[in-house]
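Dear colleague,

I am passing on the structure we talked about, and I would be glad if you could look through it with the notes below beside you.

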Amino acid sequence: MNISLEQTLKTWDGKRTELLQHYYREYGCDEEGKFLVQLIKDPTYQKGASWLLKHHLEQKGKISAQVQQELTKQLKALDLWEARLHLLQIIPLIKILPSTLLAWEDFVRANLDADNKFIRAWALHGLFELSLLRPELQQEVQFLCDKALQHEAASVQARVRKIVEKLQKLNGK
């Protein structure tokens, strides 16, 4: 059965990844994710296309600087929380370009107060990752981590503790 990527993404339930993994194994990721980034523009495909892009990067795939520029333009237009989560999760997997750093920071900051606890946790993790490029953010990250450890759900606190450990290593503690 040869089913198009668009049809696969359109009908994806957001849970079972076997079909998306199969598609990725069969067809890979063209031009370092360029086609997936184009699909992320459309809310019909955002959830699945962002998952596939994340999967591509987790498999040690790369995206070009041009594709990252295009992806960065899509950050503000993400309608679905799952797509925002996937893009927050890829921050450690891509080399953020200096020309896109502020847009990524805006995206991360816009998600720090999201209703979804997983979005908040990954936004804080994203801010930590950006602080590696902009060390002046590290004090703010520490403050936000301390606050999260007092007020967030246990699942968020688990991610926050990992961030705190990394901050401590950075600061030689």
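This is a predicted model: local features need pLDDT of at least 70, side-chain atom pairs count only at pLDDT 80 or more; totals for chains, interfaces and linings use all residues.

Let me begin with helix H8, which covers residues 117-131. Its 15 residues reach 21 Å from the first C-alpha to the last, which is close to the 21 Å expected at 1.5 Å a residue. Of those 15 residues, 13 are buried, so H8 is largely enclosed by the rest of the structure. At the start of H8, the backbone nitrogen of phenylalanine 118 has a side-chain oxygen of asparagine 116 within 2.7 Å.

A polar atom of its side chain lies 2.9 Å from the backbone oxygen of alanine 114. If neighbours within four places in sequence are left aside, the residues in contact with arginine 120 are Asn111, Leu112, Asp113, Ala114, Asp115 and Glu152.

The next item is a pair of helices, H9 (residues 138-151) and H10 (residues 154-170), which pack at an angle of about 145° with their axes 10 Å apart. Their crossing is left-handed. On the H9 side the contact is made by Gln138, Val141, Gln142, Cys145, Ala148 and Leu149, while on the H10 side it is made by Gln157, Val160, Arg161, Ile163, Val164, Leu167 and Leu170. Sorted by type, the residues of this contact comprise 9 nonpolar, 3 polar and 1 charged.

Lysine 60 is not a glycine, and yet its phi is positive, at about 75°. You will find lysine 60 in the loop between helix H4 (46-58) and helix H5 (65-74). With a relative accessible area of 70%, lysine 60 is exposed.

Finally, there is leucine 19, which is found in helix H2 (residues 18-27). Leucine 19 has a relative accessibility of 38% and therefore counts as partly exposed. Between the C-alpha atoms of leucine 19 and leucine 53 there is a separation of 14 Å, with the two residues 34 residues apart along the chain.

With best wishes

How values were computed: Residues are numbered from 1 along each chain as its sequence is written. Side-chain values use heavy atoms; hydrogens and water are left out. Axes are lines fitted to C-alpha atoms, for helices over the stretch in contact, and angles run from 0 to 180 degrees between N-to-C directions. Helices (H or I, at least four residues) and strands (E, at least two) are DSSP runs, numbered from the N terminus. A crossing is left-handed if the near helix is turned anticlockwise from the far one by less than a right angle, and right-handed if clockwise. Contact means heavy atoms within 4.5 Å. Ala, Val, Leu, Ile, Met, Phe, Trp, Tyr, Cys and Pro count as nonpolar, Asp, Glu, Lys and Arg as charged, and the others, Gly among them, as polar. A polar contact is a pair of N or O atoms within 3.5 Å; within protein, one must be able to donate a hydrogen and the other to accept it, and residues adjacent in sequence count only if both atoms are side-chain atoms. Buried means under 20% relative accessible area, exposed over 50%, partly exposed in between (1.4 Å probe, protein chains only). The expected span of a helix is 1.5 Å times one less than its number of residues.
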